[in-house]
Amino acid sequence: MTTGAQTPRSPARPPRSRLRTFLPLGAAAWLVLEIWLLTVIAGATSGFMVFLLLVAGVVLGSMVIKAAGRRAFRNLTETLNQQQSAMRAGVPPEARPNSEGNGLMMLGGLLLILPGPISDVLGLLMLLPPVQKGVSRYAQRTVERKLRDAGPGTLGDAFRQARMQHPDGKVVQGEVIRDDPDDAPQDPRPPLTH
């Protein structure tokens, strides 16, 4: 009698992805470029002006994040109220648009909070509605393509399985036990825990 899954025979190490290789290098280059630009701005104006620029970025970024959070909470409250009133009336609730760019506004606010002129420019660009629409469309297409291309046993397969509709919505917890007559009795293994 065997329980659980078999251990892999050859623990071959998968090749390192390009993202894992170049992301740390890109982050280091970004950091060096931001510091260099701040020193150039300080040389052209003064250190006090750089300090004011950094403080203004933090204040503006926190205001943007706060406004996006309030808007998201208001949208959530309105959606819940509409669904409750539709349920009371026996009418199916009507579909509402998605988050209306709240996540991208929060990302723009976070980029404004990060010190540096490049992140400030990118944060201000993320606040523009045409840029938000373009970024959200690109992100949606990328995620859909990755999920479509994902093979079985990957994270994409898990998302695909999570999106499947089950008739009753119940999940049965269990353990697979196979009875093999050829197997000699082994030491009892403890049950699998979460």
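## Helix packing around H4

The axes of helix H3 (residues 102–113) and H4 cross at roughly 160° and come within 7 Å in this predicted model. Because an angle over 145 degrees counts as roughly antiparallel, H3 and H4 are roughly antiparallel to each other, and the crossing in which H3 passes H4 is left-handed. On the H3 side, the contact is made by Leu-104, Leu-107, Gly-108, Leu-111 and Leu-112, which meet Ser-119, Asp-120, Leu-122, Gly-123, Leu-124 and Met-126 of H4. Sorted by class, the residues of this contact of H3 with H4 are seven nonpolar, three polar and one charged.

Helix H1 (residues 18–44) also packs against helix H4 (residues 117–126), at an angle of about 100° and with the two axes 8 Å apart, which makes H1 roughly perpendicular to H4. Here Trp-30, Leu-33, Glu-34, Leu-37, Leu-38 and Ile-41 in H1 are in contact with Pro-117, Ile-118, Ser-119 and Leu-122 in H4. The residues of the contact of H1 with H4 comprise eight nonpolar, one polar and one charged.

| Helix pair | Axis angle | Axis distance |
|---|---|---|
| H3 and H4 | roughly 160° | within 7 Å |
| H1 and H4 | about 100° | 8 Å apart |

As for the protein as a whole, there are six helices and two strands, and along the sequence they follow the pattern β-α-α-α-α-α-α-β. Of its 194 residues, 15% count as buried, while the accessible surface comes to about 16,000 Å², with 66% of that belonging to carbon and sulfur atoms. Among contacts between residues at least 6 apart in sequence, 61% join residues at least 24 apart.

Notes
Residues are numbered from 1 along each chain as its sequence is written. This is a predicted model: local features need pLDDT of at least 70, side-chain atom pairs count only at pLDDT 80 or more; totals for chains, interfaces and linings use all residues. Side-chain values use heavy atoms; hydrogens and water are left out. Axes are lines fitted to C-alpha atoms, for helices over the stretch in contact, and angles run from 0 to 180 degrees between N-to-C directions. Helices (H or I, at least four residues) and strands (E, at least two) are DSSP runs, numbered from the N terminus. Angles under 35 degrees count as roughly parallel, over 145 as roughly antiparallel, 65 to 115 as roughly perpendicular and the rest as oblique. Contact means heavy atoms within 4.5 Å. Ala, Val, Leu, Ile, Met, Phe, Trp, Tyr, Cys and Pro count as nonpolar, Asp, Glu, Lys and Arg as charged, and the others, Gly among them, as polar. Buried means under 20% relative accessible area, exposed over 50%, partly exposed in between (1.4 Å probe, protein chains only). Accessible areas come from the Shrake-Rupley method with a 1.4 Å probe; for residues, only the protein chains shown count as cover. A crossing is left-handed if the near helix is turned anticlockwise from the far one by less than a right angle, and right-handed if clockwise.
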